[in-house]
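This report describes the fold of a single chain, going from its secondary structure to its sheet and its core. The sequence and the structure are shown below.

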Amino acid sequence: MEGSARSSIRRFWQMRLLAIISLCVFSALICEERHALRAAEPAGPDVARVYGYLQKVCAIGPRISGSKGMTQQQEMLRVHFTNLGAKVFLQEWDTPHPITGQPVRLKNMLVSWHPEATERVLLCCHYDTRPKPDEEQNPRMQEAPFIGANDGGSGVAVLMELGNFLPGLPVKKGVDFLFFDAEEFIFQKPGKFFLGSEYFSTQYRDSPPPFRYSCGVLLDMVGDKDLKIWQEVNSAQMAGFVTDSVWASAKAVGVKEFVARRKHTLNDDHLALNQIAGIPTCDVIDFDYPHWHKRNDLPAACSGESLAKVTAVMLHWIQNLPVARP
Ligand SMILES: [Zn+2]
């Protein structure tokens with residue numbers, strides 16, 4: 001009786017040991033599989049997510065400077081970037097309304113990653129929308145709301161997507177996302193463009209902050225379904241090394257929609273950064289867009305693939321920042 005009890009106890013422990021060993025082997029296998037799954041996950045931008053950001057921005061409706069839609073967008077962006085760990089600042093000032101002359105409060109939004117770094121780079125876009133789709137030939141069509149999915153929304157969506165990667169990114173410099181207000185607070189032609197970038201650049205020049213921007217990239221109209229981004233002539237002339245580095249990043253990540261040849265010469269927010277602030281800045285813009293300043297500049301004319309490709313280029317660029325040519 002005693003002998004059989006002892007052997008049954010031994011058997012019990014043997015069984016337990018066997019069970020524990022099997023469990024360990026099983027867990028190790030599962031763990032390895034999980035690692036393999038994680039390694040197989042795409043590390044790059046998410047097509048559906050970035051398109052979702054564009055839809056979210058456009059669902060607000062028009063985001064005209066000083067409007068409720070603009071305030072709603074600012075709040076949405078503040079929450080988005082604060083949740084990702086960035087510091088969000090507003091630069092505010094008043095401008096007379098182009099028609100009524102009444103003061104309108106304008107706000108550039110600065111989203112700061114690693115705010116302690118004194119060497120920084122800028123990634124910017126405008127986040128206001130044109131008051132009317134005034135490229136429509138039929139004056140009745142000009143009364144339709146202008147949603148500005150590509151012109152106003154696409155840069156915002158790319159920076160929102162890029163924000164998901166910034167916290168874990170080993171970058172050599174601090175990165176600031178800058179959203180310009182009043183790029184086109186224009187009710188009748190000719191009007192004054194670029195109020196936000198000119199205000200920011202003048203402040204940067206006249207009341208220098210305790211850090212410097214070594215260079216910048218402006219994103220404008222980067223969501224076109226039929227994406228093709230040529231080098232912009234002013235950018236190539238004023239910020240050649242930045243332009244070269246962006247197209248080098250596109251080549252490195254295999255985004256063929258960036259064509260390394262010059263096409264349009266454009267006035268955009270990058271002029272103030274180059275000429276007033278002295279920050280070499282390149283404009284990344286697809287200006288061959290059939291819905292430019294028309295009512296059909298809607299999310300349907302844009303694609304998540306285009307937005308994700310531009311995000312991928314910028315993600316590579318941030319990790320391979322250019323050095324100014326002597
Ligand atoms: Zn525009």
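How many helices and strands does the chain have?

## Overview

The model is predicted. Its chain has 9 helices and 8 strands. Of its 326 residues, 42% count as buried. Among contacts with a separation of 6 or more, 82% come from residues 24 or more positions apart.

## The sheet

An open sheet is formed by 6 strands, in the order S1-S2-S4-S3-S5-S8, with mixed pairing. Strand S1 (87-96) and strand S8 (281-285) are at the edges with a single partner strand each, so one side of each has no neighbour in the sheet. On average, and ignoring direction, neighbouring strands are turned by 20° against each other.

Within this order, strand S2 (residues 103-113) pairs with strand S4 (residues 174-180) in the antiparallel sense, over 5 bridges. Opposite Phe-177 in S4 stands Val-111.

Helix H4 (residues 149-163) lies across S4, strand S3 (119-126) and strand S5 (212-220). Relative to S3, helix H4 runs at about 140°.

## The nonpolar core

The largest nonpolar core has 76 residues. Leu-54, Val-158, Val-217, Leu-307 and Met-314 are those with the most contacts inside this core. Helix H9 (residues 304-319) gives the most to the core, with 9 residues.

Which residues does Leu-307 touch, not counting residues up to four places away in sequence? They are Val-50, Tyr-51, Leu-54, Ser-154, Ala-157, Val-158, Glu-161, Val-222, Gly-223 and Cys-302. Two of these residues, Leu-54 and Val-158, are also listed with the most contacts inside the core.

Conventions:
Residues are numbered from 1 along each chain as its sequence is written. This is a predicted model: local features need pLDDT of at least 70, side-chain atom pairs count only at pLDDT 80 or more; totals for chains, interfaces and linings use all residues. A nonpolar core is a set of buried Ala, Val, Leu, Ile, Met, Phe, Trp, Tyr and Cys residues joined through C-beta atoms within 7 Å. A residue is buried if 20 or more other C-beta atoms lie within 10 Å of its own, exposed if 12 or fewer, and partly exposed in between; C-beta atoms are placed from the backbone. Helices (H or I, at least four residues) and strands (E, at least two) are DSSP runs, numbered from the N terminus. Two residues are in contact if their C-beta atoms, placed from the backbone, lie within 7 Å. Two strands pair if DSSP finds at least two bridges between them. Axes are lines fitted to C-alpha atoms, for helices over the stretch in contact, and angles run from 0 to 180 degrees between N-to-C directions.
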